[in-house]
Amino acid sequence: MNIEQYGWNEEWNSKWTEKLKQDDRELEPGRIASDFGSRYRVITGRGEIWGELSGKFRHSLTGSGDYPAVGDWVVLAMQDEGTHAVIHGVLPRRSVISRKVAGQTQEEQIVASNVDTLFLVSALNDDFNVRRMERYLIMAWNSGANPVILLTKADLCTDAEEKMAEMERAAPGVPVHVVSALLGDGREALQPYLGSGQTVALTGSSGCGKSTMVNWLSGRNLQLTQDVREGDSRGRHTTTHRELFVLSDGGIIVDTPGMRELQLWEDEGGLDLAFGEISKLAADCRFSDCSHTREEGCAVLAAVASGTLEEKRLLNYRKTQKELQFQNSKEVKQKRKTVAAASKSKPPRSKGNSWQRVMDEY
């Protein structure tokens, strides 16, 4: 198998050389194709094999975001004549699509890594939601991947052009494509994103048509699909785990489970990029710390009053900004607790320490 089909190139070869320049072990690169918790399906030059983390590597991981994710290039030591492998590390990521795990736990969940283009999928049915897409755009801009919005199920919509225009206003500068897998419409517009060696990931709410898109773009039934509920157009979870596939044209596509809700993890400038016109208007506010709520001389509020900025968009901006600030404060507290706990539980390092001898054997 040629791992170049899965995106290996000179950039990754350079990262590989840098990471292993002082390592004389016989190691091989591989790419994570699917994650099953304690085990991974890994693409290698020998084909697809099972991989597991080495004890030493596992011990070095400090958070869930450090674990290998679908799309990662990893360092492998082959076992049993290449039938399975031990994972000893992850090459530095080029892009990371992540969210906060559901619930109150302060943990990062990586959706996919090393993605060139992120397809943000929204169905043109009763589940169409511009405000939700603004949140997905923040995640996309934070990731380092290029966002592209796909409006699916155009065959179910009588005002697709109007909804496309509405989405374009909410996502200035982001390509928006209307497609229908049932009718076969719009595929040619997606070809530039699916070139050989390029990685595309799909994300969106349940029932938006991600698995159908994977099957349509690949020309094969790679993923199971289900109809949405008739009552509210909400989908059922079809994809249960993240998985990477190679398309016939040479592109790589990652399908991900649908999200009932998107809890943002952290902001790396994605908020300002997703709400670019608000950030631009804010530069003309009278006060540098303007909250755009009731201050005199607020250029953002003036734009709302004149009708050049939609009030709902500003409200979503303020709501998301507060959410990210609160999330950041909780992350800082959690990191402090983690560091404190680690310093207390770590045993003393000495030449005769039995714990250290055990770890050195991994």
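A residue is buried when its relative accessible area is under 20%. By that criterion His-292, at 6% relative accessibility, is buried. The model described here is predicted. Its chain has 362 residues, of which 47% count as buried, and its secondary structure comprises 11 helices and 13 strands.

**Confidence and overall fold**

- The mean pLDDT of the chain is 84, and 83% of the residues reach 70 or more.
- Over residues 349-362, by contrast, the pLDDT is below 50, and this stretch has 11 contacts in the model beyond near neighbours in sequence.
- Where pLDDT is low, predicted coordinates should not be read in detail.
- Among contacts in the chain with a separation of 6 or more, 66% join residues 24 or more positions apart.

**Helix α3**

- Helix α3 covers residues 130-143, 14 residues in all. From first C-alpha to last it reaches 20 Å, close to the 20 Å expected at 1.5 Å a residue.
- The N-terminal end of α3 is capped by Asn-129, which places a side-chain oxygen 3.0 Å from the backbone nitrogen of Arg-131.
- The helix is mostly covered, with 11 of its 14 residues buried. The buried residues include the run from Met-133 to Ala-140, with the charged residues Glu-134 and Arg-135 among them. Val-130, Asn-142 and Ser-143 are buried as well.
- After α3 comes Gly-144, which has a positive phi near 95°.

**Ser-98 and its surroundings**

- Ser-98 belongs to strand β6, residues 96-100, and is buried at 16% relative accessibility.
- The side chain of Ser-98 makes a polar contact of 3.0 Å with the side chain of Glu-108.
- Leaving aside neighbours within four places in sequence, Ser-98 is in contact with Glu-108, Gln-109, Ile-110 and Val-111, and also with Met-139 and Trp-265.

- His-292 is placed in the loop between α8 (276-282) and α9. Its phi is positive, near 60°, although the residue is not a glycine.
- Helix α9 spans residues 299-306, and Ala-299, Val-300 and Ala-303 are buried in it. Viewed down the axis of α9, the buried residues fall within an arc of 105°, and they therefore line one face of the helix.
- An α-helix has 3.6 residues a turn, so residues three or four places apart point the same way.

- Lys-153 sits in the loop between β9 (146-152) and α4 (160-170).

**Cysteines**

- The structure holds 0 disulfides.
- The cysteine sulfur closest to that of Cys-290 belongs to Cys-298, at 3.6 Å. That distance is too far for a bond, because a disulfide requires the two sulfur atoms to be within 2.5 Å.
- Cys-290 is buried, at 12% relative accessibility.
- Cys-157 is likewise buried, with a relative accessible area of 13%.

Technical notes: Residues are numbered from 1 along each chain as its sequence is written. This is a predicted model: local features need pLDDT of at least 70, side-chain atom pairs count only at pLDDT 80 or more; totals for chains, interfaces and linings use all residues. Side-chain values use heavy atoms; hydrogens and water are left out. Buried means under 20% relative accessible area, exposed over 50%, partly exposed in between (1.4 Å probe, protein chains only). Helices (H or I, at least four residues) and strands (E, at least two) are DSSP runs, numbered from the N terminus. The arc is that of the directions from the helix axis to the C-beta atoms. pLDDT is the predictor's confidence in each residue, from 0 to 100. Contact means heavy atoms within 4.5 Å. The expected span of a helix is 1.5 Å times one less than its number of residues. A polar contact is a pair of N or O atoms within 3.5 Å; within protein, one must be able to donate a hydrogen and the other to accept it, and residues adjacent in sequence count only if both atoms are side-chain atoms.
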